[in-house]
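Trainee: Could we go through this model together? I would like to begin with the surface and then turn to the helices and the charged pairs.

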Amino acid sequence: MVFSSLFFLYLFLPLNLIVYFFAKTTKARNIVMLIFSLIFYAWGEPVYVLLLLFMTASDWLISLYIEKQTPHGIKAKLGLVMMAIVNLGLLGFFKYGSFVLENVGLIVGQELGTLDIVLPIGISFYTFQLISYVVDVYRGDVPAQKSFSTLLLYVSLFHQCIAGPIVRYKDICAELLERRSTGQDIADGIWRFSFGLAKKAILANAMGSIADKLLVGGEALGSSSALALWIGVLAYSLQIYLDFSAYSDMAIGMGRMIGIHYRENFDYPYVSRSVTEFWRRWHISLGSFFRDYVYIPLGGNRKGRARTYLNLFIVWFLTGLWHGASWNFVLWGLYFFVFLVLEKMFLHRILSKDRIVSHIYLVIIVYFGWILFKFDNMTDILNVLRGMFGANGNAFTDFETNTILTSNMFILAFCAIVSTPIVRKLGSLIRYTHMDKSVVSVIYTVGRIAIPLILLLLSTAALVGDSYNPFLYFQF
């Protein structure tokens with residue numbers, strides 16, 4: 001089950017909210033959310049609910065054990081090691097087992113086969129949440145949660161369980177125990193959810209459809225026109241931002257409806273002026289996880305330049321690998337590592353001199369980076385890179401490309417605009433205009449009611465009339 005499905009929109013979520021608000025106490029509401037969350041997760045793969053339960057139970061017991069030990073003592077560290085073995089061991093088995101066998105087979109020159117298992121949806125997200133919880137207990141940042149059901153609710157909340165953001169226990173632990181949702185919370189939540197839904201159902205899906213038509217893998221890439229490749233990568237760049245940020249918007253909106261405040265996860269990264277700034281704005285919860293639980297514990301930038309670069313290498317190798325069990329993701333992570341190091345060494349001085357030049361630099365770097373992310377083999381990657389400059393003996397354009405571009409020119413431009421803060425700034429400008437305040441208040445109130453309804457209707461129309469609705473987060 002995904003958020004951008006009619007079943008979720010018109011049955012699961014409304015039923016969840018109705019039952020939730022009929023419950024009067026936080027304890028009763030937590031039971032409602034836990035039941036709905038487990039049903040949501042089990043909808044596609046019921047067996048893997050047992051994996052989720054096992055990992056949560058293990059970390060619940062380990063955290064209770066750690067809390068009883070001398071802070072940072074040998075026994076507490078032993079608990080931390082136990083947690084790492086359970087969480088990283090299971091994540092490694094399910095997500096990277098076949099990848100490891102394949103690569104070991106290449107090294108020894110023998111076919112070792114693959115593990116015939118399905119990747120549990122969202123395992124990377126809830127594994128990282130459990131790791132952050134146990135580490136924070138070890139550090140003394142939060143007390144161990146005595147209630148297993150409360151910890152399970154934190155891990156399994158359907159708002160963020162399968163598509164993020166990576167929510168830290170310490171950020172919402174107080175709201176898990178006691179919360180209230182005001183009328184403003186509910187209105188803000190509906191507003192945010194409806195924008196996320198439209199961003200996914202209308203815009204991201206449209207960009208994905210264009211990208212899939214123009215970036216056909218395999219031998220066809222070698223003969224694709226240059227313009228098809230350029231527009232295809234542009235559409236994919238817009239799709240991946242709109243899709244990823246849309247799920248975060250919907251998660252934040254649903255959380256807000258019931259009084260849980262998730263942190264922002266995307267902050268218009270395409271307006272950045274450096275790779276460093278881009279990664280402060282892109283998938284913020286993932287970047288902060290690697291910063292706080294990998295980079296800083298390794299020493300961060302406190303142990304000299306060479307050690308800093310080594311720490312960055314480790315972080316970006318793992319960041320790439322987190323996105324999928326394939327070398328193209330590792331290459332993608334190390335690609336950004338190179339530019340981050342160059343910026344630290346000297347590029348930051350150049351980029352700080354001109355806003356336009358620095359922004360163009362960032363857009364180019366990120367644009368070509370998505371080629372590494374999109375294609376999982378070097379042949380396709382090289383075909384795209386060569387073909388973009390006509391080095392495959394391919395034409396500049398063709399009839400099909402011209403037709404697709406002409407038919408989708410306006411939505412491409414609109415998606416590019418939505419990927420910037422322009423719409424948000426226009427809304428603020430209207431809200432704080434010098435018009436008569438009573439008129440502004442009426443416009444604002446009507447807009448807050450009408451716009452989410454319009455977006456819901458448009459999204460519904462898009463989902464009813466189009467079977468193309470990919471779930472990009474499946475590989476994570």
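Mentor: Let us begin with a definition: patches are made of residues with over 30% relative accessible area and no salt bridge, where like charges are joined within 9 Å and nonpolar side chains (Val, Leu, Ile, Met, Phe, Trp, Tyr) within 5 Å. Accessible areas come from the Shrake-Rupley method with a 1.4 Å probe, and for residues only the protein chains shown count as cover. This is a predicted model, in which local features need pLDDT of at least 70 and side-chain atom pairs count only at pLDDT 80 or more, while totals for chains, interfaces and linings use all residues. Residues are numbered from 1 along each chain as its sequence is written, and side-chain values use heavy atoms, with hydrogens and water left out.

Trainee: Which residues make the nonpolar surface patch?

Mentor: F7, L11, I31, I35, I39 and W43 make it, with an area of about 570 Å².

Trainee: Which helices supply at least two residues each?

Mentor: They are α1 (6-22) and α2 (26-42); helices (H or I, at least four residues) and strands (E, at least two) are DSSP runs, numbered from the N terminus. The largest share, 3 residues, comes from α2.

Trainee: Why might residues spaced along a helix point the same way?

Mentor: An α-helix has 3.6 residues a turn, so residues three or four places apart point the same way.

Trainee: Where is I39 placed, and what is its relative accessible area?

Mentor: I39 is in helix α2. Its relative accessible area is 40%, so I39 is partly exposed; buried means under 20%, exposed over 50%, and partly exposed in between (1.4 Å probe, protein chains only).

Trainee: Changing topic, how far apart are the end C-alpha atoms of α4?

Mentor: For the 35 residues of α4 (residues 74-108), the ends are only 39 Å apart, short of the 51 Å that a straight helix would reach at 1.5 Å a residue. The expected span is 1.5 Å times one less than the number of residues.

Trainee: Where is the kink in α4 centred?

Mentor: The kink, of about 70°, is centred on Y96; the bend at a residue is the angle between axes fitted to the seven residues ending there and the seven starting there. After α4 comes G109, with a positive phi near 70°.

Trainee: How many salt bridges does the structure hold?

Mentor: It holds 14, a salt bridge being a side-chain nitrogen of Lys or Arg within 4 Å of a carboxyl oxygen of Asp or Glu. One of them joins D185 and R256, at 2.8 Å from N to O. D185 lies in helix α8 (residues 183-214) and R256 in helix α10 (residues 226-257), so this pair ties together parts 71 residues apart in sequence.

Trainee: Is D185 buried or exposed?

Mentor: D185 counts as buried, at 8% relative accessibility, whereas R256 is partly exposed at 27%. R256 also forms a salt bridge with D188, the closest N and O atoms being 3.3 Å apart.

Trainee: Which residue forms a salt bridge with K199?

Mentor: D249 does, with the closest N and O atoms 2.7 Å apart. K199 and D249 are both buried. Salt bridges that share partners join R192, K199, D249 and E264 into one network.

Trainee: Finally, how many helices and strands has the chain?

Mentor: It has 19 helices and 0 strands.
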